[in-house]
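Reader: Could you walk me through this model and show me where its labels come from? I like to see each value set beside its cut-off.

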Amino acid sequence: MKSSRIPGFYKKTVEERKELLREALELSEEDLGVLSSNEALPIETADKMIENVVGTFPLPLGLGLNFLINGKDYVIPMAIEEPSVVASASHIAKIVRDAGGFKTEASERIMIGQIQVVGCSNYEQAKQILLKQKEALIDAANAAYPSIVARGGGARDLDVRILNDSPKSSYGKMLVLHLYIDTCDAMGANIINTMVESLAPTVEELTDGKVYLRILSNFADRCVAKATCVIPPELLVTGDFSGEEVRDGVVYAFEFADSDPYRAVTHNKGIMNGIDPVVIATGNDWRAVEAGAHAYASRFGSYRSMTKWSVDKEGNLVGELELPMSIGTVGGAIRVHPISQLAHKILQVDSASELAQVIVAVGLAQNLGALKALVTDGIQKGHMALHSRSVAIAAGATGEMIDIIAEQLVKEKEIRVGKAKELVEQYTK
Ligand code: MEV
């Protein structure tokens with residue numbers, strides 16, 4: 001691309017944008033064809049979702065099976081590009097199912113909006129004035145978004161903190177108002193942002209300060225969901241490894257992650273392998289969930305494991321995962337994206353709280369899937385078998401050839417596109 005400065009790109013039609021792209025990058029019609037070949041998300045819909053649209057970007061959508069959560073069966077849509085993840089989640093869900101299933105619970109769904117105030121002449125006094133006006137401010141916030149109140153939600157409470165009390169920064173103190181909002185079944189970004197923006201002028205007047213930021217916090221620590229599972233060791237037997245060996249390996253793996261950020265990041269990435277695909281498939285904002293989850297993993301002062309694994313008195317493996325879950329079942333991309341609508345039909349959850357609980361159960365299953373593989377055969381064995389199929393496809397294999405080439409790659413322990421190309425050539429000779 002000679003220049004990324006293309007004035008008026010946003011005003012053009014999708015076809016005109018593609019034509020510009022084709023000329024600038026010397027792409028073929030075939031190259032561009034893939035951009036709008038996804039019938040599931042019509043290009044006209046995509047063009048209304050974000051800006052400067054030239055196409056859509058499909059991901060594989062798999063189904064996580066065997067999930068039994070609080071006695072209810074779930075088939076779980078998962079949108080992800082990485083092999084093994086769906087298989088591993090389903091494998092663990094089967095084990096947990098045989099142990100009675102996941103148990104989950106959720107807090108009330110209170111999201112946080114923040115208002116930052118600077119330049120107050122007396123911060124303590126400003127704080128007290130805001131607290132005194134609490135009821136009036138809550139009423140004003142609710143008046144700014146009456147439809148959420150009509151749905152049974154709305155602003156519930158507020159508090160005020162003074163930051164940089166012993167100033168390290170050159171700018172010094174600031175006051176931060178937290179508005180606590182029940183967003184019902186919505187993730188609530190629009191509700192929260194509308195409310196805090198509407199309060200800003202009043203807050204400025206009351207504090208005699210200047211408001212800068214008015215925005216939701218993705219550290220949704222009042223909107224958390226928790227999943228647990230209890231697994232007898234006999235259900236953990238893997239190849240030559242006894243159930244007790246696997247169980248103890250999982251607990252050691254947890255303790256490793258819980259005391260070493262280098263390991264915790266990878267451990268937690270494995271948890272997000274389960275969480276993000278469900279968040280994406282259900283049309284939710286996975287960056288918000290990611291950011292909240294990692295912050296929650298650091299809430300005790302250092303970055304630690306999101307899950308906890310221990311052994312109970314009976315010798316069972318006990319797993320727990322609690323995370324903020326700022327997701328919704330209404331609003332945002334959910335009603336716009338046809339596949340997310342389908343995902344909700346497949347999942348059959350009745351509320352955002354139920355969806356949040358399903359998501360943490362998948363995260364817990366995914367973590368155990370990774371740890372069980374890591375403490376036994378290692379992850380490459382299962383992973384490579386699946387990866388070899390992508391390599392075979394990348395090398396040009398089609399139809400029945402894909403599995404034949406993939407198996408050969410695994411057998412020869414050379415899972416490379418170069419090697420696969422050689423095999424494709426031999427096969428097609
Ligand atoms: C790979 O995507 C995820 C794992 O690295 C997670 C882990 O190490 O726990 C296998």
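Reader: What share of the 429 residues counts as buried, and what makes a residue buried?

Author: Of the 429 residues, 46% count as buried. Buried means under 20% relative accessible area, exposed means over 50%, and partly exposed is in between, with a 1.4 Å probe and protein chains only. Please keep in mind that this is a predicted model: local features need pLDDT of at least 70, side-chain atom pairs count only at pLDDT 80 or more, and totals for chains, interfaces and linings use all residues. Residues are numbered from 1 along each chain as its sequence is written, and side-chain values use heavy atoms, with hydrogens and water left out.

Reader: Why is N52 called partly exposed?

Author: N52 has 39% relative accessibility, so it counts as partly exposed. N52 lies in the loop between α3 (43-49) and β1 (61-69). Its phi is positive, about 55°, although N52 is not a glycine.

Reader: Where does S84 lie, and what is its phi?

Author: S84 lies in the loop between β2 (72-79) and α4 (85-98). Its phi is near 85°, again a positive value in a residue other than glycine.

Reader: How many helices and strands are there, and what makes a run count as one?

Author: The protein has 16 helices and 10 strands. Both are DSSP runs numbered from the N terminus: helices are H or I with at least four residues, strands are E with at least two.

Reader: Which residues are around the ligand, and how do you know that they belong there?

Author: They are E82, R263, T266, H267, K269, G270, N273, A370, L374 and I379. A residue is near a molecule if one of its heavy atoms lies within 4 Å of it. The largest share of this shell, 6 residues, comes from α10, while α10 (261-281) and α13 (352-374) each supply at least two residues.
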